Amino acid sequence: QVQLVESGGGLVRPGGSLRLSCAASGTILSIYVMGWYRQAPGKQRELVATITSGGSTNYADSVKGRFTISRNSAKNTVYLQMNSLKPEDTAVYYCNADGDTGSGSFGSWGQGTQVTVSS
C-alpha cells in the first residue's frame with residue numbers, strides 16, 4: 001500500500017499564490033511519475049501537471065507560465081507552486097503517483113485538498 005497525503009490548500013485572492021505539497025509513504029521502490037490533477041464542481045477531473053523521475057514536466061495549457069511542479073525524490077514528495085491564481089483555478093486538487101513497490105506496480109491518489117480563489 002502506498003499512501004499520498006496532500007497539504008497546502010486554502011482560500012486566496014485572485015493574483016495570489018499557494019504551494020501544494022504531497023508526500024508518498026509506504027512500500028516504495030521507485031516512483032516513475034508524480035502529478036497533480038484537479039476537479040471543479042460539475043466538471044471532470046483534469047490534469048494540471050506531471051513530473052517524471054528524470055525531471056521531465058508536462059503542464060496543462062491553462063496553467064503554463066503560472067504553475068511550477070517540482071519533486072524531492074529522496075523524500076518521495078511533489079510540490080505545486082501556483083502563482084497568479086485565477087477564480088477558474090478553484091477546484092479540489094489531487095496528487096497522483098505511479099511506481100513500483102518491488103513486488104508490483106502501484107498507482108495511488110491522495111484525498112484531495114481544496115483550493116479556492118475568490119475576492
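Between which strands does the loop that holds Asn 76 lie? Asn 76 sits in the loop between β7 and β8. The legends below start with the whole chain and then turn to single residues.

This is a predicted model, in which local features need pLDDT of at least 70 and side-chain atom pairs count only at pLDDT 80 or more, while totals for chains, interfaces and linings use all residues. Residues are numbered from 1 along each chain as its sequence is written, and side-chain values use heavy atoms, with hydrogens and water left out.

**Figure 1. The whole protein, a chain of strands.** The protein has 11 strands and 0 helices. Helices (H or I, at least four residues) and strands (E, at least two) are DSSP runs, numbered from the N terminus. The radius of gyration is 14 Å, close to the 14 Å that the globule rule gives for 119 residues, so the protein is as compact as a globular protein of that length. This radius is taken over C-alpha atoms, and the globule rule is 2.2 Å times the number of residues to the power 0.38. Along the principal axes, the C-alpha atoms fill a box of roughly 50 × 25 × 20 Å. Of the 119 residues, 43% count as buried. Buried means under 20% relative accessible area, exposed means over 50%, and partly exposed is in between (1.4 Å probe, protein chains only).

**Figure 2. The largest nonpolar core.** This core has 30 residues, and those with the most contacts inside it are Trp 36, Leu 80, Met 82 and Tyr 93. At least two core residues come from each of β1 (2-7), β3 (18-26), β4 (30-39), β5 (46-52), β7 (67-72), β8 (77-82), β9 (91-100) and β11 (113-117). A nonpolar core is a set of buried Ala, Val, Leu, Ile, Met, Phe, Trp, Tyr and Cys residues joined through side-chain atoms within 4.5 Å.

**Figure 3. Met 82 and its contacts.** Not counting residues up to four places away in sequence, Met 82 touches Gly 16, Ser 17, Leu 18, Leu 20, Arg 66, Phe 67, Tyr 93 and Val 115. Contact means heavy atoms within 4.5 Å.

**Figure 4. Thr 68 in strand β7.** Thr 68 is partly exposed, with a relative accessible area of 43%. Leaving aside neighbours within four places in sequence, Thr 68 is in contact with Tyr 59, Tyr 79, Leu 80 and Gln 81. Gly 42 is 26 residues from Thr 68 along the chain, and their C-alpha atoms are separated by 26 Å.

**Figure 5. Thr 52 in strand β5.** Thr 52 counts as partly exposed, at 28% relative accessibility. Apart from residues up to four places away in sequence, Thr 52 touches Tyr 32, Val 33 and Arg 71. Thr 52 and Gly 99 are 47 residues apart in sequence, yet 10 Å apart in space, C-alpha to C-alpha.

Figure 6. Most residues other than glycine have a negative phi. Ser 84 lies in the loop between β8 and β9. At 42% relative accessibility, Ser 84 counts as partly exposed.
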